[in-house]
Amino acid sequence: MRPENYQAVNHPPSNEYELNFGPNHPGIEGNYALKVKLQGDTVVEARADAGYLHRGFEKLMEDRLWIQNISLVPRICVPDPVPMEVCYSLAVEELAGLELPERAQWLRVLQLELSRIAAHLFYFGGHAATTGMYTPMYWGVADRDLLLDLFEELTGGRVYSIYNMPGGVRQDIPRGFLQRLSDTLDYIEGRLKDYDNLFFTNQIFVKRAKGIGIISQEQALEWSVTGPNLRACGLEFDVRRDDPYLIYDQLKFDIPTEHGGDAWARTLVRRLEMVESISIIRQVIKALPDIKGPVRTPIPNPLAWRVPAGDSYARVESSKGELAYYVVSNGGDKPYRVHIRGPSAMHAVQVLEKLAVGCRVEDVAQTMFSLDACPPEVDR
Amino acid sequence: MSNTDLSNIEVNQKPVAKRSNPFANVFNELVSFCRSRSMFMLHYCTGCGAIELPPAMTSRFDMERLGIQPMVTPRQADILLITGYVSIKTLKRVILTYEQMGAPKYVIGICSCTVNGGMYWQSYATAKKLDEYIPVDLYIAGCMPRPEAVIEGLQQLMAKIKTDEANSWKKYYEHYDYYLGNQQHLFGNNWQTPTDIIGEAKTYQLEGPNTLGEHTKILESVQRPLEPLEMKL
Amino acid sequence: MQVTLLTIMEVILMPIVAFIIGLFMVLMMRKLAARLQRRVGPPLFQPLFDIVKLYGKQTQISHGMIHDIGIIMAVGGYVAAEALLPVPGMDGIAAKGGLITLAYLTMVPSLGLALGVGQCANPNGSIGISRALTSMLAYDIPFIIVIFGVAYQFSSTNLVDIIATQQAGGFSTWGISEMPVLAVAGLFAMHASLGKQPFEIYIAPAEIATGPMVEMGGKFLGGLFVMQSFQLYTASVLYVSLFLGGGENWITFLLKSFGVLAIPVVIAYLFPRYRTDDLVRLVWKWPVMLALIGIAFVMN
Amino acid sequence: MSAAHSQNLNVLLQEIEGIHLTHHNPRRLRADIAAEALPALLALLRGRASYVHLSAISCVDWIEENQFELVYHLWSYETSVLISAHIRIPREPGIYLSVFDIYTPAAFFERDIHEMFGVYFEGSPDMSKFILTEWNGPPPMRKDFNSEKWVMETFSWQEYHPDWLKDLEEQGGGIVSTPESIRMDNK
Amino acid sequence: MNQLDTLLLISLITALISGLGRRHQLIGWATAILLTVQFLALLSISSLGYGGTVIESAVNLTILGQPLSWRFDGLSWFFALITIGAAMASSFFAAGIWAKKYKKHGGNPGLLQFAMSLNVFTMLVLLASGDLLSLFIGWELVSWASLLLMVLAGGIATQWGLRYIVYATAGAMSILAGIGIIYHLTGSFAYADLAAAASTFSTTHVVVLSLLFIAGFGVKMGLLPFHLWQAGAYAETPGPGSAFLGAISSRMGLYAMLIVVFQLIGLGKMIAVEIPFTFLSLRDLLMWVAAFTIIFPTYTALRQNDARYLLAWHGIGQGGYMMMGLLLLDPVGSAGGLLHVFNYATNQAALFLAITAVVYRTHTADLNRLGGLVNRMPLTFLVLLVGIIGLAGIPPMNGFVSKWLIYRSLIIEGMPLLFVATVIGTLGTILSVYKLIHNTFLGQLRLEHEHIREVPWSMLAPMLVVATIIFITGFMPGLVLDWVASAQAALGFTPLAYTLGGVETARGSLDMIWLCGVLFGGFGVGALLFYGGGNKAKRVHQLDNYAGGHFLTADTRYHYSNNFYAGLMHHIGGWYRGTFKWLESSLISIVSLLSGLTQILFHSYHPALFLLITATLSLYFFIG
């Protein structure tokens, strides 16, 4: 690696010492690193170190057909892959001027919200585990698996569904799916009470989460914090409502906000969002049987499909925050340029580096997890 | 480019000479059995396949039934799960981590990307063939493999360990020159990890004829000494 | 001479018994955790598999002499401590050491481990040890008050006497019925001494990557696993001896010690861990207060 | 977007010289602008038009025109309109001004663009490597970097039908149906 | 000319020779050897340590009509043994190669040896005092002799020395006042007269006298709140000197207190004295003073970043244990207190010598500038390890035995809060000594220390000898308990019934031989498991370390040393804030207020009136 660094020079006359969080560390989400300088047990400097998951997606996508890229994009954020597909599809549809059938729109909403619930369940598990509480993780991941089963039934893939494509979704729902979906939602909703007792109202957890990683409203706006993290600061903004896509403007849902901007508020916002997502899915279940029509606008030969020149910027609300795709076409059969704005790119780098300073070593991992940063979104 | 292809080279399979002492055999078998029934896997999410490990670990599939539990540091762990593509930056850490693990250590390549780069085959950032850089015991293909597949793979590894067939870690010591050569090819000639693999091979009599070679010579010429701090009186 | 020989036999036998029981205690802990987490959990001999596997590792990494000695002291200290803990039919040298000695002897493993970890030159380990010693400072204060109370109540620091006094009078003379408040404080202190959640500050994988265990692999980690089984055994058996009248026979003895241990274990898997200073604050507040109230009752 | 907001915005934007506005849809506004005028535009948008949220900075390598296009996506929470400000800078030497002093998040995007495209931003707080710390080649996202060629030169590939697979096949495992046979079956 | 006179004479000769000599190398060895001779002379009257009778000195002086006499009993012998032993170890340590370096850095090793031998002589004179007057003379001699040792290093040491002498003078005044009152009451300085008259003292007298004496002697002992001079003064003394001072010097205060307060005035009276508005007797009050003397300095030590200061603060804290043990008045507790004097002296000597050895190699005692020395100085590490285990009172070292006796006695006497206080002190000791050994010897080796070596044998040998004593007296505490028992007898306590391995009582005994046997058996099992089970371990470099998968670099510091108990300090750190500064400044302001008042009185009113008021008040106080 850098062999000169094994060479001796005297240590600086400072009492600071270095501690590495990650990439191989349970206190870090995924393959990511945070290098902190500590004084006693207080962080005086934190530097994020990304790139462990860098695959050069943006470069790869320039080499592949418009339609091929659908299989590439969900891999950018593993815990919450659906918004990636949807967002890319939306961008391409806008470029190509494709009309989206209504049923496809509803199905996309269904998936997006399912994926959000799954991601939040995963998030609670991870967040609980950083504070040393493993039972919510064991429960949460197991319950998330039930949602993955639904995905599998709907799309054929547990995690990467590759179900959305420019023009709609791949196929219609299987028979009886809505009933099973509804049952699972009932189950999950029932379980929420257990989670509340075990986790959300656990006094020790509340004690640990309150006052950790506080983001004020001004800071949130200055650092481009988005999504639940923004709403935890008391700012009511949601792409689904304020920059509506698909049929979100036809749905009724609240945007839960919290005040405080600390880890506790961020957790609570997500907890409340799950309820909202369940209610959205219920609305979809109710509406879907009445919406007839195709699920896909056919596109010409996908292998030789040329999208008119131009650019588009599509945004969706993923479970982590504002996800955006900037897609440029020069009229060819492949994208000329795709730029992915992952929400965690902000949270995991700039915000985390700033929040970690002054934080104690106990709280570094919790700060990162409470931001729900997803490293592959940074690395792409 | 790599100098030789190791896929055809058999590990120096000295069939462990059945010792005359029956107790010794029983003891060896006991240790092998325990190794297979107690596998600590390293908590290192190298890629997207890691998302299917929590389901495999937690309440639904429960790996602990099989004696598998996650461990935090490479010192404590036995299995290194390479869960998907390894970017070059990660690969360096993976090698460092692998070398820090105590033998016998096993590597499982999960996901298709570890076999041949998978869908990132033309990416400039990911390494393609994992077993050029570290020896792999078992691949679990799929993108990504389901938890059932992961557990099935782990059970196969258990069976291999039980019969003392999972010996890829010996391959690393015996063909260190080959692996080091590939690593140098990718990372440059001044590549060096803090772990003294050659010294370890010598200490534990794991050297083979191919432990040393032209690449280890390069290493020796650029290496900064990292001898252990001996007690001095 | 006869007595001495017998004593030596007991001293040899007691750690072995303790280790075996300790292994099952580890198993019980993991099984209980699994049940709470709605899963099956490890097989019966899993703790043993782990230890044999760790000792059977081919390559072992040491950071130096003190790293080795730390593990030796960690295991050896507990082996010695077991000889001071009477079990049904065996007193060992309990009469020659007594309660205070036992309390201090159980610090030897921690100190040994601390030395060993120190030599690893890993900041995670150092933070872990700093936290471990801090939590020791926290829980030892209520623990020592409890010990005082028990010793005063039975006017003896000799565990054999204490157990005999309790057994002589049946349940009404058990520590738990004579000193219920102290018993609660003692349970609290014992839970904290086990280092399980919410007192798990020194392992804290997400924060300091398992702290003291960070550089331990192979037989080093194996030694720590052995130490863990001894630790569980020592904590629960000490509690049983102080408050539950020790074991009249092996069946009640095992029932009591497993039962006592189950309480903190069940609690542990339902809580996250405290921060260091919160832990100190909590342990210095409630258990100490309880213990002092208990002492007040005892001294009347 | 309400009419009043739109009116205000248009009046404001007219202050910038040479700006060219295009409405894709009610929520997307494209502004093409000369490179020199961009900081003024951003300062104006942030300071007087409630555009506090910098959503992203994208870079496009127009190799044929020998230009980089930089796109600043800005969002106003109040007007709910996204403005994409497009500028073009010459590909050589590829130096532009940082807007870190106007938008803090720009630091990340500029660092990223510097790594991926080699565009240098003057005044950005940190231009050190971040994602590609172990990468010594040219900025990979440039169109003139051929990833596939580099990969072919650097890596070797797994054999698709190695011996161990043959062994497995004998036991009944392995790839039972090859891609070719599937294609034949479909016909 | 009996054996006691011989001893004193040899001691005087030692001091003279070391003071007159020119060549430091020669003086060093000569002093060390002469100290050995003194030690032998002391051993020749070792019957005192085994219950022998008092030896009177042949020298008798009469000053101003008051006879001065000197004598040695079991207690004196016990303290003299520690004194000369500590001086021997320090002197041998300082005589060899250490002296060369010390000289090179501008020190005068000859002067150091002279100061030490002078201290030994004065201490012996104090220990041999046979009446109050000779006690006071000895006391003053000791005070000034130790000042000489303290200010040797110059610079900041002078400031600390100055502070010491201010305290010491104040203490001496208090003692003088006490002696004056006694003379007024009994008309004699002889111990016997005092002891006879003590039974007739009124409560007021007892209170005033004991407070005066305890305050006076407590200054030397570093009893709270008179301890503020001690840590700095001892820490800044040149290495071996600090080992000697730390080991024994402040115990002189304890000795004098034992003689005057415990033996002559009698503690039984103090139990009878109730302090108004509390439930405490005077003895309880003193025990609480002892408890706070344990706790506060120990936790101050926890915050020190200089190894010498850390140890010196512990010196103050451990004094509290001795006081506590002796105040318990029963055979077990007082034996614990006396035994702790011996044990602590050995521990502190070992620790200070080891730290001096570290300073000798690294030129710093700053705990943030050290680390990882165990691979370079393993034997020093061993000595330090033995010392800290002893100091922390963990089996199997000797410190455990004395603390065990004190705990046991506290349980017998039923004093839960004091018991807890002592345990809190012990835990604090464990924490801070671990910090000491971790920051110096464990962790990352700093690059500037890459090439240092173990200290030479001339320094190692005394350290190892002391460490061996710590271990042996821990293994067989009966060896020392012999002497302790006769010291107890000399003091008038019931001697402790002991065995070679410790104490055997019906309800709670301690047998260190068994305990050590089992402990080392356990270590043996551990070692067997470790070395026998599993492959041989291979050493790795310290950079081959887990860092979350990162590559460690040699130029980065990974050693956690500063603010080592940060988590704890988040909780208790606030309690420290200025506690001691506040204490000292309030002491000063009280004194200055009083002096100011008297000055105003003196100036604004007629001086004669002032004198009259003072005289009347004091007369009323003493006579009425």
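Which residue of β6(E) is the bridge partner of Ile61(C)? In this predicted model, that partner is Lys538(E). The bridge belongs to a pairing between strand β1 (residues 60–62) of chain C and β6(E), which runs in the parallel sense over 3 bridges.

**Contact between chains E and C**

- Chain E contributes 61 residues to the contact, and chain C contributes 74 residues.
- On the side of chain E that touches chain C, the elements giving two or more residues are the helices α17 (398–413), α18 (416–441), α21 (512–532) and α22 (566–576), together with the strands β5 (510–511) and β6 (537–539).
- The largest share of this side of chain E, 12 residues, is supplied by α21(E).
- Sorted by class, the side of chain E that touches chain C comprises 35 nonpolar, 21 polar and 5 charged residues.

**Sheet in chain A**

- Chain A holds an open sheet of 3 strands in the order β1-β2-β3, with antiparallel pairing.
- Its edge strands, β1 (17–21) and β3 (42–49) of chain A, each pair on one side only.
- From one strand to the next, the twist averages 25°.
- β1(A) pairs with strand β2 (residues 33–39) of chain A in the antiparallel sense over 5 bridges; within β2(A), Leu38(A) is the bridge partner of Tyr17(A).
- Helix α11 (residues 343–356) of chain A packs on the sheet and touches β2 and β3 of chain A. The direction of α11 makes about 170° with that of β3(A).

How values were computed: Residues are numbered from 1 along each chain as its sequence is written. Chains are lettered from A and ligands numbered from 1 in the order in which they are written. This is a predicted model: local features need pLDDT of at least 70, side-chain atom pairs count only at pLDDT 80 or more; totals for chains, interfaces and linings use all residues. Two residues are in contact if their C-beta atoms, placed from the backbone, lie within 7 Å. Helices (H or I, at least four residues) and strands (E, at least two) are DSSP runs, numbered from the N terminus. Ala, Val, Leu, Ile, Met, Phe, Trp, Tyr, Cys and Pro count as nonpolar, Asp, Glu, Lys and Arg as charged, and the others, Gly among them, as polar. Two strands pair if DSSP finds at least two bridges between them. Axes are lines fitted to C-alpha atoms, for helices over the stretch in contact, and angles run from 0 to 180 degrees between N-to-C directions.
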